[in-house]
Amino acid sequence: MRFVTNEITCPKCGTLNPSEADFCQNCGKKFGIEYASLGQRIGACLLDLIIIVIGIFIIIWIVSYLIVSLGFYLSSSETYWVGVVIGFLVEFGYFIFLEAASKGQTLGKMALSIRVVDKDTGEGIGWGQSLIRNLLRIIDFLFAGLIGIILIASSDENQRLGDKAANTIVIKE
Ligand SMILES: [Zn+2]
C-alpha cells in the first residue's frame with residue numbers, strides 16, 4: 001500500500017514543499033528533473049568517441065579510395081590534412097547534428113538513457129545551442145576531459161562550460 005501525500009519532499013535537502021511547488025523553497029532544487037550523473041555523462045561520451053573514431057576511419061578509407069580511383073595523387077602532407085579535415089568535420093558534425101536533430105541525444109546518450117535539454121524549457125535544444133555547447137567541448141575536453149569533469153562535479157546542475165554557455169542541462173530520461 002502506498003502512503004498518499006500532498007507534499008513533495010525535496011530529494012536534495014529533505015524539506016517538505018507544497019504539492020504545486022516547482023522549486024524547493026529551501027534549497028531551490030527544481031522538481032521533476034533528475035540530472036544525468038557524471039558516470040553516465042562519461043560513459044555516453046566514451047561510446048560516442050568510439051563511434052566517431054570508427055566513423056572517421058571508414059570515411060577516410062572511402063575518400064582515399066575515391067581519390068586513388070579517380071586518378072588523383074596526394075602528397076603525404078596533403079593526405080594528412082585531408083584526414084585532419086575529415087576528423088574535425090565528423091567529430092563536431094556528429095555531436096552538433098545529433099543533439100539538435102535527434103531531441104538532444106547522440107547514440108551514446110541514447111544508450112545511457114540521458115538527454116540534453118534547454119535549461120529553462122526542459123525541451124529539446126536548438127541548432128545554436130548545440131553549436132555552442134559542442135564547440136566548447138574543445139575546452140571541456142582539455143587534459144583528457146578533466147576540465148569538463150571538474151566543472152560537472154562542482155556544478156549544482158551538472159553543467160560543464162558548454163552547458164553553461166548554451167543554457168543546457170543533461171537529464172535522465
Ligand atoms: Zn531542497
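A: D120 sits in the loop between β3 (114-118) and α4. Helices (H or I, at least four residues) and strands (E, at least two) are DSSP runs, numbered from the N terminus. The model is predicted: local features need pLDDT of at least 70, side-chain atom pairs count only at pLDDT 80 or more, and totals for chains, interfaces and linings use all residues. Residues are numbered from 1 along each chain as its sequence is written.

D120 is exposed, because 9 other C-beta atoms lie within 10 Å. The cut-offs are 12 or fewer for exposed, 20 or more for buried, and partly exposed in between, with C-beta atoms placed from the backbone. The C-alpha atoms of D120 and T168 are 8.1 Å apart, though 48 residues separate them along the chain.

Now the core. A nonpolar core is a set of buried Ala, Val, Leu, Ile, Met, Phe, Trp, Tyr and Cys residues joined through C-beta atoms within 7 Å. The largest one has 11 residues, including A44, L112, I114, V116 and I125. At least two residues each come from α1 (38-69), β3 and β4 (168-172). β4 gives the most, three. Another core, of five residues, lies apart from it; I52, V90, Y94 and F95 are among them.

A44 is in contact (C-beta atoms, placed from the backbone, within 7 Å) with T106, G108, K109, A111, L112 and I114, leaving aside neighbours within four places in sequence. In soluble globular proteins, nonpolar side chains tend to be buried together.

How values were computed. Contact = placed C-beta atoms within 7 Å.
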